[in-house]
Amino acid sequence: MGASSWAVPVGVLAGIVVVGFVFTWFWFPHAWQRGVNSDTREVDAVRGEDREEQRRKNRETIERFTRAKAIERGEIVPEQYELGHDMGAPPPVYEARSEAQAYKSREPEARATAHT
């Protein structure tokens, strides 16, 4: 009883697949964690003005791709969204108030409307 002609090639291929699977199984999580750690160190190293510069670059990138997608969809993009245009001051910061404070601030308004 001799070996079938397909047994050796299938065995070799199976061995290659198993070695590749084991390599990927152990290598990928290690490489993933190494990349995450590298990103964390990079973000932690940026401080103050450098961080603001990075945020500005990120906003510009987002605006550029948002504009490109809008043009790709056939939308009319106003000129104010051209690259390099300052979008103005950031929106105001709103103050959260408790319900009691909200009602106190509306009482005179409510009385004024009730009498008219």
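**Salt bridges**

I searched the whole structure, a predicted model, for salt bridges and got five. I counted a salt bridge when a side-chain nitrogen of Lys or Arg is within 4 Å of a carboxyl oxygen of Asp or Glu. Side chains of opposite charge can pair when their charged atoms come close.

I noted the ground rules next. Residues are numbered from 1 along each chain as its sequence is written, and side-chain values use heavy atoms, with hydrogens and water left out. Local features need pLDDT of at least 70, side-chain atom pairs count only at pLDDT 80 or more, and totals for chains, interfaces and linings use all residues.

I looked at Glu52 first. Glu52 bridges to Arg55, with the closest N and O atoms 2.8 Å apart. The two sit three residues apart in helix α2 (residues 48-72), so about one helical turn separates them. I took helices as DSSP runs of H or I with at least four residues, and strands as runs of E with at least two, numbered from the N terminus. An α-helix has 3.6 residues a turn, so residues three or four places apart point the same way.

Then I checked exposure. I used these cut-offs: buried is under 20% relative accessible area, exposed is over 50%, and partly exposed is in between (1.4 Å probe, protein chains only). Glu52 counts as partly exposed because its relative accessibility is 44%. Arg55, at 39%, is partly exposed as well.

Which residues are linked in a network of salt bridges? I found Glu53, Arg56 and Glu60. Arg56 meets Glu53 at 2.3 Å, N to O. Both lie in helix α2, three residues apart, about one turn. Arg56 also meets Glu60, at 2.4 Å, N to O. That pair is four residues apart in α2, so the separation is again about one helical turn.

I logged the accessibility of each member. Arg56 has a relative accessible area of 32% and is therefore partly exposed. Glu53 is partly exposed too, at 32%. Glu60 comes out at 33%, also partly exposed.

α2 has 25 residues and reaches 36 Å from first C-alpha to last, close to the 36 Å expected. After α2 comes Gly74, with a positive phi near 90°.

**Helix α1**

I ran the length check on α1 (residues 7-45). Its 39 residues should span 57 Å at 1.5 Å a residue, and the end C-alpha atoms are 56 Å apart, so the two agree.

Where does α1 bend? I found a bend of about 25° at Trp27, and Pro29 follows within four residues. The bend is the angle between axes fitted to the seven residues ending at a position and the seven starting there.

I then looked for nonpolar surface. Val18, Phe21, Val22, Trp25 and Phe26 form a nonpolar patch with about 590 Å² of accessible area together. Patch members have over 30% relative accessible area and no salt bridge; like charges are joined within 9 Å, nonpolar side chains (Val, Leu, Ile, Met, Phe, Trp, Tyr) within 5 Å. Areas come from the Shrake-Rupley method with a 1.4 Å probe; for residues, only the protein chains shown count as cover.

Is Trp25 buried or exposed? Trp25, in helix α1, counts as exposed because its relative accessibility is 55%.

I also checked Val43, which lies in α1. Val43 is partly exposed at 46%. Its C-alpha is 9.9 Å from that of Gln54, 11 residues apart in sequence.

**Whole protein and confidence**

The order along the sequence is α-α-α. Of the 116 residues, 3% are buried. The accessible surface is about 11,000 Å², with 61% belonging to carbon and sulfur atoms.

Last, I read the pLDDT, the predictor's confidence in each residue, from 0 to 100. The average is 77, and 65% of the residues score at least 70. Where pLDDT is low, the predicted coordinates should not be read in detail.

Note on methods: Expected span 1.5 Å × (residues − 1).
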